[in-house]
Amino acid sequence: MRKLSTAWLLEPQRRQAVAIPRYDRAQTGIGIVHIGPGAFHRAHQAVYTENAMNRSGGNWGICGVSLRSSDARDILSQQDLLYTLAILDKSSRYQVIGAIREILVAGEQSDAILARLSADTTRIVSLTITEKGYCLNADGRLDLAHPDIAADLDNPGRPQSAIGFLVEGLRLRRASGLTAFTVLSCDNVSGNGTKLRTSVLDYARQIDGELANWIADCAAFPNTMVDSITPKTEDYTIASVSDAIGAQDNWPIQREAFTQWVIENNWSGDRPDWEGVGVVFTNNVEGFEKAKLRLLNCLHSTLAYAGSLAGFATVYEAASDSRFRQFISDLAREEIIGSFEAPGELDIERYSESVISRFLNPEIRHQLAQIAWDGSQKIQMRLLPVIRDNLKLQRPTRHLCLALASWFEFICLALRAGREIVDPMAAQFARMPALTDRDAGNVVNGFLGIEAIFGDDLIHNPLIIRQLTDSLDSLRIGMARGQSIADILDKRTRDVQIR
Ligand code: CS2
């Protein structure tokens, strides 16, 4: 089979059903640097940029910056940095994306990265670095003791972290009299732009107060909400996409048809014609962000932990179980909707239903194990703020506590079995005997005592301690009696309804 390449795009026998770049790729300059060009970036922001260039042109090619692995560069450079987006739904579509024009790897190509960041032509630096890339401590400030940050502060001209690169890039721009770029965070983090701004300014202040003031005055850090379910590429994806397009693509990306990008109206400089291809610019990102994190992501994490305990492998499998579906829709209706102010233009009930129906897309094999990663970071965005808001508003928290207790049990079972836990705090968990205690109360206290995750409020809340202990007990007792977790969830749902 021919390899996906620029030459293949020009072949007359190429399948016409596969969409390909319509702009002149060779003549397109780089205008965006993206830190973290993983699957989500390639399925989402790169596709909006591709579609914007198809529609209106512009020098908006993307330079991807990988902070750790060189895989993306090594594999994609063998196919001229082209890859296929497979949109999997009732009917599937395939589009070859050409927006990425260069991929650089930190450590190996740091000079080239800094040259890109400080080039006049670079107007936007976007990021998908996940929750942990922000390096914030429990008070929401930059964690100066974080090993990556401490190393960069020792040697700021040779950064390794995203924060270090942003600040060094901005410093170089200021020194050569250029304008700042817009810093566009695209992570599932509430107030992502504001948080990134805090990290960047805290870091810059350590180096040079004047530089920090300049960044504060000149660089925009809009908040954003990003959405599209993007399971990671598996071997079957490579085989089925290559088969569908008629060329060998060694790193295609799969995602659902639904996609959404909402960006705060807070911008300096120009940008691709994103509005023309469906991006929404608004003054109220916060409401959209909360709706997405609290409904889609919170329900995802709930399925990831409770569903894994039940032996399900994918979101589709777990959500297809009627008891699980009932549990998450009750959680959404009774405890999530109403915990925050939804944007006026969003019908929140319908949004919530549509999220659950997206979980039921049989074409998307989204592994629960993938969603379960980094739980210590994710629950801080997805579950804990809902619990806190409900406590303030005297609203119920029982389903939320059962979801959280599922995470406790998920970690506890992995620790006991010596299974790998993909989480930046895994080593700390392994050093805490309380987390594997037989007594549910001790486990709950052990977890709630981790201030970096839970702050210092929940451990003093008797209602939450009771509900968590109760939930963990019923999970354990039920499972020990051979009940399926789906039955346990089902029973809890009915108990709550009787109350
Ligand atoms: C998921 C998200 O992996 C996860 O934690 O909840 O990546 C989710 O698929 C996306 O946010 C959907 O936009």
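**Notes on the predicted model**

1. An open sheet is built from five strands in the order E5-E2-E1-E6-E7, with parallel pairing (strands are DSSP runs of E, at least two residues, and helices runs of H or I, at least four, numbered from the N terminus; two strands pair if DSSP finds at least two bridges between them). Strands E5 (100-105) and E7 (182-185) are the edges with a single partner strand each, so one side of each has no neighbour in the sheet. From one strand to the next the twist averages 20°.

2. This is a predicted model, in which local features need pLDDT of at least 70 and side-chain atom pairs pLDDT 80 or more, while totals for chains, interfaces and linings use all residues. Residues are numbered from 1 along each chain as its sequence is written, and side-chain values use heavy atoms, leaving out hydrogens and water.

3. E6 (residues 124-127) pairs with E7 over four bridges in the parallel sense. Leu127 has Ser185 in E7 as its bridge partner.

4. The salt bridges number 25 (a side-chain nitrogen of Lys or Arg within 4 Å of a carboxyl oxygen of Asp or Glu). Arg141 and Asp202 form one, with the closest N and O atoms 2.7 Å apart. Arg141 is in the loop between E6 and helix H6 (147-154) and Asp202 in helix H8 (residues 192-207), so the pair ties together parts 61 residues apart in sequence. Asp202 is buried at 10% relative accessibility, whereas Arg141 is partly exposed at 42% (buried is under 20% relative accessible area, exposed over 50%, partly exposed in between; 1.4 Å probe, protein chains only).

Note on methods: Axes are lines fitted to C-alpha atoms, for helices over the stretch in contact, and angles run from 0 to 180 degrees between N-to-C directions.
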